[in-house]
Structures are given as C-alpha cells and as structure tokens.
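Open your viewer and get ready to click along. We will go from stop to stop, selecting a few residues each time and saying what is there.

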Amino acid sequence: MVLGVLIAFGEMLSPGTYTNVQITWLHLPPAPGPFPNGFSLVMGTLVDPISSLMLVVVTVVGFLVMLYSIGYMHSDRGLPRYYAEMSLFLAAMTGLVLANNLLEFFLFWELVGVCSYFLIGFYYEKPSAASAAKEAFLVTRIGDVLFLLGIFLYFSTYATAGPDGGWAANGFVFAHNSVPFLPLPGANTTTLTIAGLLILGGAAGKSAQFPLHVWLPDAMEGPTTVSALIHAATMVAAGVYLLAVASVFLGFTPTDQLAIVAVGGFTAFFAATMAVVHPDIKRVIAYSTISQLGYMVLAIGAGFAMVGLYHLFTHAFFKALLFLAAGSVIHAVGTQDLFRMGGLKKHMRLTAAAFAIGGLALAGIPPFAGFWSKDDILASVYSQLGTHPLYWPFFVLAFSAVFLTAYYIFRAWFLAFSGDGPRDPTLPAAHEGPWVMQVPLVVLSAFAVVAGLFVFVPGFQHLLVQGTVLGGIPPTYPATDLALSSISVALGLGGIGLAWTLWGNGRVFSLAETSPVQPLRRLLLNRYYFKAGYDAIGLRAVYPFARATDFVDRFVIDGTVRGLERMFGAGSDRLRSIQSGLVSDYAAYVVAGLLALFVLLLIVGPYLLGRFGGG
Amino acid sequence: MTELALTGFLGLSAALVGIGIFGILTRRNFILLLISVEIAMNAAILNFVYFAAFPSGTHGLSGQAITVVLIGFAATEVAVGLAIVLALNRLKGTINVARATELKL
Amino acid sequence: MLPLISIVLATLALGTVGTFAAGTRARWVALGTSALFLAEVGLLFAGFTGWPGYSGTLVPGFSYTETHPWISLAWMHIDYAVGVDGISLIFVLLTAILQIATVVYSWGETQRPAGYFGLVMLTCLGCVGVFVALDILLFFLFWELVLVPMFFLIGYWGGPNRRYAALKFFIYTHVASIVMLVGLLALVFYSGATSFDFASVYAAARGLAPVVQTFLFLALFFGFAVKFPIVPFHTWLPDAHVEAPTGGSVLLAGLLLKLGGYGLIRWAVEVLPSGLHSVQPLLFLIAFLSIFWGSVLSLAQRDLKRLVAYSSINHMGIVLLAIALDSSLGLLAAVLLMFAHGVVSGLLFMASGSVHHQYGTRDIASLGGITPGAPALSTMIMAGGLASLGLPALIGFPAEFTAFLATWNGLGYWVLIPLSVLVVTAAFYLWMMQRMLFGETKGGPPDAHGLPWYESAGMGLLVALTVLFGVLPSLLVNVIVNSPIKGWPGT
C-alpha cells in the first residue's frame, strides 16, 4: 500500500518519472502474411495520472479491507484460502491498473474475474453462493468476449496505421503521452465505432451496467469484505477504468459516446429504483454501486474521463465504508434482513456514525466526498448537453436518481439503526467488532469526508487535469454550476426527508395491498424480471437445445454409424449363406470365376484397349 | 508337327477339361470326383507336352520336366484324396460329398 | 554428433520390451524409461535454437536429421529418415510430459501391470515416431503402430462396454488410415518423387496441378480428420474415452488427437498449398461445426468423461480452424492450442479418473459438494476447467488468444462464431463445477480415502506445466517458430 501511494504521490509531483518497463511475452518473428513485420505481445507497466489514481484506491482500500478481515473472518474456516484468494486478487488488480497495453489489461481483467468467482463462491457449501459465483463469471464472460473482439478490432485497425510502425510490431502498447489514435489516417470510423461499442460491452459486463447488471446483487453471497473490496471499490470499477483508459488512449466516436451516455445514465436510474424496495442491506448497497458506476460511465461518455475517475476515487472510499459498516452490522446481528433489525445505534455508535457518513457521501450532501465528484459529473454532462439532443433524457434520469439514492440509503439507515430495538427479538444483542474492524471504519470515514476536498489540493488537481489533457480534451475542468448543485443537494435532502418521514424513528411504512403502486413494487422486487428471464433462457432454451443436439448426435450421427455397422453385418450374413459346405458348389464358384476371368481378359480387356488405346 | 495338329491337340485338351469340370460339377461320389479332377488335370499336363514340342527344340526339356513333376503331383494328390475317402467313409459311412458339410460356418 | 533421435526411439523401444518382460516390477521400468526419455528430450531442447540460453546460429530446416537407406530400388528409395523442427519438437516434449505423468498417475494399477505399462510405452513410441519421421512410409508405420496398443488398452483395461468402444475406435481410425495411405502413396507417385523422403516429396509436389492437389488434400484430410476428430466423424471419441482406462484416455486425448493435427500440418498444409486453398471453405465450415457441436454437446453431458471428450471436439475444431487459416499466426496458434489441449485434457481425464476411483461414479448429477471431502481433487478439476476455458496465466489463454486473433485477421467477423462459443464453453465447465464440486455434499463420501499420492503427483505435474507455460508462452513459441514452414526463421 505504501508503495502504491508513494508512486501516486511521485506522479503528482513530477509526471512521467516512472517510465514503463516491459518484457516480451510472446513474439512472432517476421513472416509473410498479415503481419509482415512479425509482432510481439508484451507485458509492461505504465504509471500515469489515470493509473496512479486507481492505484491509490486499490492499495488503500485493499489494505483496510484486509485489516478488517482479520476481525470479520476470524471464526471462518478456510482462512488460508480466503487470504490467498484476496492476495491474488490484489496482485491481479494492481497488474490491471499498471498494465501498459490492452492485452495485458485483458489478462489481468480475466484474473480479477476469476478471483471474484472464487470469492463469491467462498461459502461454496451454499448452493446459492455457488450459483451466484457461476452467474457472475458467466455474465462477465459475455462482456469479456465482446472486449476481446474489441481488442482484435483495434489491433487490426492500428496494426498498420498506428504510431511506431503499428501496434503489430509494438504489441498494442498504450502510447505514452500521445493523442488518441482516432484521427490517424487509415482508421476506419465504422470499425472504430464498433470497436468502441465492444469495449463498452466489456466494461458493462465488469461494471454491471445494464443489461449485464444481474450478477452484482447476487454476488453479495460472498463475504462482506469481498463485497467491499471487489464488488464496490475495485473490480467493478475496472470496467469504468477500462472506459477511461480507452477514451484517453483510443478515443471514442460520437456514436460510441452517445451509447456510453445512454448506458450510464439509464443504469444510474434503473439500479436506483431497484434499491428502493429491497429488504437486504447488502443488496441495497449493491444496487447503489451499480447506480454509481452508471454515473461514472455517464461522465466518461460525456467526454470527461477524469471526472468519472474522480467519482470512482471518492466512491471507492465511501462505498467500501458502507459495506464494511454493513459488515459490522451483519457480524453483530447475524442477518442481512433490514426488517429484522432496528435500534442498533444504541449499541453500535461507531458503526451507525460510519454508515451515516457513507450515506451522506453517497447522497451527495456537501461537504462529503460524494457531493464533489457527483456534482462534477452532473455539471460536466450538463455542459455537453448541446452535443446531442439524446443526451437530455439520460441527464434527467441521472439527475432524478440523486433523489432515489438519498432515499434508499437513508431508508436502510433508519431501518437498521433508528428506533428502540430490533423488530425481531430473537436477534442476538448487538455489539461493536474488535479494533481491527473499527480502525478501517474510522479511516474510511475520514476519507469519505475529505476525499472530495482533494480536488482542491494542487497536486491532485494537477493529476486530474493532466489526465484530462491526455485525453486530448482542453484542460478546462468543468466549472461547478451553483444552480445545478443547489438543485441536486435539495433533491438529496428531499430524499433523506422522505426516508425520515416513512421509516424514521423505528417507523415501518407498509404499502396497502390494494395500493395501485403494488404492481410496481413487485416489479422492482423481482428486479424487472431480468434474472428470471436470463435463467429462462439458460434453462428453457439453451439446455433443451443442448439436449436435443445430444439426441441428434446419439441417434442420427451415431445412429448412421451403427446403421452402417448393421448393414455390413446383415450383408455378411447373407454372403455367408452361399458357403454351403458342398464341394460341388465351391467348384461351381471356381468355374464361374474362371469364366468371368475369361470374359474379362478376352472380351472386355481388348475392347477397352481398342477404345482408349492404352499402351 | 503342324499348326493343324496343334489345334487338334488343344481341342483334345479342351474336351478333357470340359469332361473333367462336368464331372466335378455333377458327381456326388468322392471317387468319381477324384477321377474327374484327374481328367481335367491331365488336360493341363497334355498342354505342357504339346507346347514343349512347338516349335521343336526351342524350349529345351522344361515342358517335359514339368510334365513329370505334375504326374508326381497327381499321384500324391490321388493318394491324399483316397485317404480322405477312407476317412470319410469311416466317419460318415458314405462317400457322398453332399453329406460332408462340416466346414460350413 | 550423437544420433539423438535414434537414441530416443531406441530408449522407448527397449523400454517397451523391458516393461512387458518385467512382470510385477513393470512400473519401475516404465518410470525409468519415461525419466530417461524426458532427459533425452531435454538434451534435444538444449541443442535446439530458440530455447533460452542457446546461442547457436540458426540452422535452416530440420535438426538432428538422420538418413539411412532402408529399401532401395532402382526407381525408389525408402529411407529411415528422422529429424525434428520446432513443431515436432514441441510434440515430442508433449509426449514425454504425458508419458511420465501417465506412468506416475497409474502407479497403483494392479490389473496386469506389465501389459498396461508396456502398452503405454508402446503408444508413446508410436507417437514419437510419427512426430519425428521424415519419410512417408516410416510415418505411416508409426501411425499404424499407435492404433494397436490403444486398441488393447481400451479393450482390456476399459469399462463395461469396452469391446464395442475398442472396435469402434479401431475400425474408424483404420478406415481413415487406409484412405490416408492411398493419399500418401498417390502423393508420392503423382508428384514423380523418387523417394519417400519429406524433402523430395515436398519439392516434387510443387509441380502438381491444383485439381490433383485438391483430391490428394481431401484424401489426406479425411485420414487426419477422423483422428482430430471432426464432426461428423467424431462419434468414436466419446465412446472410446468413456470406456478407456484413465491412462488410455490421457494418451488418447493428449497424443492421439494431436497426430491428426500434426499430420495435417506436416504432410498436407505445406506440401499441398493449392489443395488447401481450394478446400478452405469446407474446412472452415467443418471447423465451425465442430466448435459449435462439441461445445453445445458438452453442455448436455452428465458423464464427466463424456463432457471432457466433447470439449475436446470443440478445442480440436479451433485447431482445425487455425490450421485452415493458412497463416503464420494461425499455424502458431494451432500448435500452441494442441500443446495446451494435450496438457489440459490430460489433467481433466486424470481428474475424472480420480473422481471415479473415489466416488464410484462419474455422473455429474449424482455427485455434489465433493470439495470438503476431497479438496485437492476439487482444486485439480477447477484448474483443469479454468485452463480449458481459456483463463489467462494458464496455458489455454495464449493459444486461444492467438487463434482468435488469427481468425479475426483471416476471416473478420466470422470470429464471432468461435468467440461466442467461448461463453458456452465457460458455461458448461462452470455448471459442471457448480453441480459437482460445490453445494451440499450428496450421499456422503462413499470411499473417500483421500487422493493417493501418485494421482496427485501426476495431476500436479500437469497443473504446474499449465501455469508455467501459461505465464511464459514464449518458452514454447520461440521453439515452434524455428520450423521450415510459412517463412519462419527455420526456413
């Protein structure tokens, strides 16, 4: 961690100090064909403003979560496995952040994916955990396939057109401090648009964006520490990071940007609606993660990669904080059901405060971290609204999600912490965790308060601006629009107010069964039937199709083979019957053969020779 | 000898082969079968003799030599054949080949 | 210079005879032979360009060549001609690895061990022979030699339906061999080559008319393709795998399937370029069909071994696709893929064998939650499954990545077919793991006495190599490209 922070500080002070180191991973020598100069795939590191920002997140949150794990996981068996997998994850995540080319990026991208698979399935005895792990891997795999195809598209587009004689010789390395490749000659705009969309697909898989969002709430089957580290702060942010890196080094076409804005804006709203009704404390936070990732994607689509990353940075801290605070609660009371909790703030003052700070940051209340970054996003998108008329609806969606965000997170807080006592009296008495669990909460709370103010630190600001310059965008950081900020803060406060009215002080708001909103609530609780739909595709379409293919294989193809076998068998049975055992029959065959030979030699042979005149 | 004479001799051989094959195809008695085989074989042996003499002297004595060897063969063949006849008779009480179908699968 | 390749062949031949004669101590003889063989392969590598640390200059063409007259006629020479280039050397290495892993894994074989280990040795001898032969007749001799021990391995040590499977395997591959032999002989005689030697056939085949090349290519392709196997000539494979003993399955998937790919590269693709060119669309079609078919069918399987067998069809379909692309990158990918598949499928078949030994069944649906009872075995299955679905840092990734990149360069958006099948591949492995390894333990551990040390050692070796070559694929690539093919440095 210390190393990571040091590198980042170094980058803040003197950009470009850490030049990239690289080794050749796979080298194809020059040969005739599509790559006349041969090509190399390399593995190397690159530290630049973008990666140093991410590096801080990964190392700091990683360290704090590991510390917290000592307390949270102490009674679990399989601890060596847990720490090994977490360490592997951190190593892979660091590799991803430092990767200096797309292939290496993809390599570590897959590795963090598999670590996530292992860790979601950490309690593998639970069928739901095993199933969630598989689902997470499969859904992200769809994104990975798109991403891989995107890499191929970029590769072949730039194999001859890129700088330094093309990527082919250069091993698709991100060109350091160069402008995006987009305006380069030889780059076909259609291909680039498709490539950009494919990259978006990859990012959507990893960052759980619509319509590949289904896996993240289920991923909450893993330990809470895993959710905090992987499914809030780092791995899911890798998709956003990919988009940022791609927008800086590869560039997106306007169509791509619109698609990214659409996905981000829609997801931000869509996920927030589902969080509104969910009774599970971790899943509420998970939906909020999806929604916040949507904001980041939105910012990148609008062309402000560094703003997106800034939100990623602050979000990592306050979201990890929320998860760890939720972890404390779960650790104490042994349930994740909000409706069974209540009144916990009496026994868990620190946790309640930490959750509240995280909630305020998430809701975008100044001066907490979330306010600054979220406000920057809204401001930056607002400044680009003139680019395309279709930006408007997504801006509105994202804007209204602010209200929902504030509402659902404080609904959770009130349900868990306010009131006189647990609604379910069978819950064990709540207590705070050991110091190793409290320290990270305190540290992260501090970050959640001040991380947003970092933007006023010259070095940090420099970092952001530098990253923006890398992206080829003029270094005008979006000016905070005071009116816009006021509206969003008002929306946030309104959300909190609504939550207080409905759920505050131990109140439980229940919707009448006959209420006209009931169908909507059911729709939300069932997650818009997305998961059910995907399951149906898997179980009712793909699997029966596979069984049908199996049937064809066994009975049509192999049946033909067996049929041939029977045919030969029956044929030889018939042939066998001419072997009567009678000497005179055999003699007759001999004579017949002799006659046939005569006919062949004396009549057919000369005829053919005469006809075709062979030698 | 002349061409005409050769044609005549070959005609004789052909007739003998025909008689032999007819016998082989129609007889069921093992001894008669053997006799038919011998007749057909003698036709072949006769052919060696004719061609050894046509045109005279060019082939040396190879035709005659083969003839002698073949006569030896024929003798051994008959000896084996008759032994089989005896064995068959002892086994089946008949020498009708239609009754000996043990080789059938 | 020492005639190293002849020494290798002699080692294996003597080892085979020794193992057959050794009775109850056969496994020791087999282990000794395998170790010696591996050491000799190490020597081969040590003297070969491209291996790290070797500083010799590049020798074009084949290394370690030996030619001794065997049958000399006025118009035709048949020689004992052997030698290796990068591609064959990689396959010889694969043989050595799988042989020693199989011998160690099968340490506990009690049913006529002399025969079992002897046949394993003989199979490897045949495979090495195929990989090093540079004379058509010698090649064919070794090719046929492989069939016999495999027939007996399946037919004697196999499962309940072994006779049917063994016969099916034998007839299928033998019919293919005959067509291939006709093709090879026609290649020699039509091209007017005066010897069966690779170099002279290669030179003479340049002059063949495209039509003739096409027919010759089809004949050779049929012969090699059944070994691959490709859809629709694949149905021998699942039966053979399901019935074969574990060691037999490992060799069958790891080596025998590679014979087809190797033969296609060595004797058809480079020798008959116009032939390849004219049947390319057909090959693509078959490859796509195999990729799709193998993958979808794996999804439907309940028997672990059948699942791995069908996934082999899928992988070998990708190999065929990569070969058919007829590009430098495609060829590299094909060789890498075959090596990767050899190691990984060996691992998976060993794991299925262990599952069968431990639990008495391989039926995925009736197994469940085996991880707590057998964590080591579960880890091996996961490693194999993840490597097979192309996880980076494991051996399958560099191979699949280059294959798909080559496909993209050769065929453009057609690459979507194999790429989307990747999702299905991931799905059936993950689903298998979810049902078998995780969840609640079903029925209790019937016979869980832990994994015997030799089974862990055999699988552990393969896992280690999967990681090693996955992290450092250049170890393989730098050797492969020293081949006289596609204008590579060995040319």
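## Stop 1

Select Ala320(A): leaving aside residues up to four places away in sequence, it touches Val61(A), Val65(A), Ala228(A), Ala232(A), Ala233(A) and Leu444(A). Touching, or contact, is used here for two residues whose C-beta atoms, placed from the backbone, lie within 7 Å.

Before moving on, please note that this is a predicted model, in which local features need pLDDT of at least 70 and side-chain atom pairs count only at pLDDT 80 or more, while totals for chains, interfaces and linings use all residues. Residues are numbered from 1 along each chain as its sequence is written, and chains are lettered from A and ligands numbered from 1 in the order in which they are written.

A residue is buried if 20 or more other C-beta atoms lie within 10 Å of its own, exposed if 12 or fewer, and partly exposed in between.

## Stop 1: all of chain A

Now colour chain A by secondary structure to find 22 helices and 2 strands. These are DSSP runs numbered from the N terminus (helices: H or I, at least four residues; strands: E, at least two). Of the 615 residues in chain A, 53% are buried.

## Stop 2: two helices in chain C

Select residues 328-359 (H13) and 396-411 (H15) of chain C: these helices pack at an angle of about 150°, with their axes 8 Å apart. The axes are lines fitted to C-alpha atoms, for helices over the stretch in contact, and angles run from 0 to 180 degrees between N-to-C directions. H13(C) and H15(C) are therefore roughly antiparallel, a label for angles over 145 degrees. Among the residues making the contact are Leu329(C) and Leu336(C) of H13(C) and Ala399(C) and Leu405(C) of H15(C).

## Stop 3: a loop in chain C

Is Thr24(C) buried or exposed? Find Thr24(C) in the loop between helix H1 (4-21) and helix H2 (26-46) of chain C. Thr24(C) counts as exposed because it has 10 C-beta neighbours inside 10 Å. Finally, select Val179(C) too: Thr24(C) and Val179(C) are 155 residues apart in sequence and 40 Å apart in space, C-alpha to C-alpha.

Conventions. Angles under 35 degrees count as roughly parallel, over 145 as roughly antiparallel, 65 to 115 as roughly perpendicular and the rest as oblique.
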